[in-house]
Amino acid sequence: MRVVVVGGGVAGAASAIALRRIGAEVTVHEAHEEPAGPVGSFVSLAANGLRAVAVLGCLPRVREAGFAVPWQRMWSSAGRPLGEVARGRARADDMVSVTLMRADLVAALRAEAVRLGARIVTGSRLDAAHVRACLDGGVDLVVGADGIWSGVREVLDPLAPRPVYGAMFSVSGVSRADGLRVDAGTFNMIFARRGAFLHLGAPDGSVWWSAQVSGPRPADVHAVGLDDLLDIYRTEPRAVEILRATRRTHGATLHHVLARVPRHHGDRLVLVGDAAHPVGAGQGASMALEDAIALAQHLHAEGVQAEGAVGRALDGYERQRRARVDKMAKEATRNREVKTARPIARRMRNVIMPIVFPRVYEGATSWLHGHDPGALPA
Ligand SMILES: Cc1cc2nc3c(=O)[nH]c(=O)nc-3n(C[C@H](O)[C@H](O)[C@H](O)COP(=O)(O)OP(=O)(O)OC[C@H]3O[C@@H](n4cnc5c(N)ncnc54)[C@H](O)[C@@H]3O)c2cc1C
């Protein structure tokens, strides 16, 4: 079976591994020369994402490239603790969340894909005409792993929704830790007056942060500097302290959201990862990894040489993933709403969260973090 994967990010590289594991001949085309392209600060993998990484044979490499983050603490704007939970897992689960640079995750996955015999062509952007030429040229399957702005999605369905601004932008950076008292291995989220401020202690003693700023209209993110952030977070003393110690920033990104994509596959075309469902809420990479495994499992189960087998496998893939990614998208919307709450809702959140959140979090997220992705052939 000959497969062309468009996009060599998390979804594309993971698909290449999973498809090689079922014996497909895989070529990945990635627009950028570098593993991260222009995108990327740090990403977190929750227990479900790490279980997928383990199935793909990359767990030791991914753990080595990042660091363990067992705990998550929430804080009010004024610095009042709002609760502590095990980050992205049940307390008893030993799949402790890992945070790493997106580029390092992509590099680890690509290395395994290449080791298994996948071909990765960097600096190669495939447009709609290329995709149609692949299908006309006898490629058995085109996998659209080309992210939220997916061109493959438009080939599949010209009426598919397009991304719209998600009322938030983010800037990430690294600060000197001296005197900041940030516990290593704890992910901190401050619910700020405008959005959220995330920060965590890295093993080298630095503090990684991400400022997620809410705003009704898209800002000129390239013009946003540290002084602007210091002004935006002036009511959050902890954020100001960390921002003042900044050593470098990773550039700013506007957040976009995508309405539910009605079709994730055609006869020989399928979408994975953000191309199908950019979920956010710290689950984008984890969901992309799960997609890659599920796709390969369905193709393997159908025995792709048989007449109509690819179509049946893609039907099965979409049926299996739909309920989960739709539920995740709703979860992400709620997550965004908490970060962009208005003053009255913010006050209610600050009262209710410390009582309710630590008690319900584990039960409410067991469907997400406890997911078992199944296996792939060795
Ligand atoms: C600031 C930020 C923070 C994030 N934090 C988290 C987090 O904490 N946890 C988490 O799980 N996720 C996080 N995410 C999301 C996460 O990075 C993605 O959701 C996840 O990696 C899914 O990846 P993907 O491969 O589907 O898409 P992408 O990562 O967007 O990759 C798509 C790839 O396709 C390539 N491409 C696009 N078009 C073409 C084309 N025509 N031809 C060839 N190549 C093409 C692009 O260059 C890119 O490399 C974050 C994202 C951002 C921007």
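The model is predicted: local features need pLDDT of at least 70, side-chain atom pairs count only at pLDDT 80 or more, and totals for chains, interfaces and linings use all residues. Residues are numbered from 1 along each chain as its sequence is written.

I noted at least two shell residues from each of H1, strand E2 (25–30), strand E3 (42–45) and H9 (284–302). Of the 35 residues around the ligand, Gly7, Gly9, Gly147, Gly273 and Gly284 come nearest (near: C-beta, placed from the backbone, within 6 Å). By class I read 12 nonpolar, 18 polar and five charged residues (nonpolar: Ala, Val, Leu, Ile, Met, Phe, Trp, Tyr, Cys, Pro; charged: Asp, Glu, Lys, Arg; polar: the others, Gly among them).

Helix pair. I looked at H1 (10–21) against H4 (102–115): the angle is about 25° and the axes are 9 Å apart (axes fitted to C-alpha atoms over the stretch in contact, angles from 0 to 180 degrees between N-to-C directions). H1 is therefore roughly parallel to H4 (under 35 degrees; over 145 is roughly antiparallel, 65 to 115 roughly perpendicular, the rest oblique).

Domains. I took the bounds from an automatic or database domain assignment: domain 1 is 2–67 + 98–161 + 259–337 and domain 2 is 164–257. Their C-alpha centres lie 29 Å apart.

Note on methods:
Helix = DSSP H or I, 4+ residues; strand = E, 2+ residues; numbered from the N terminus.
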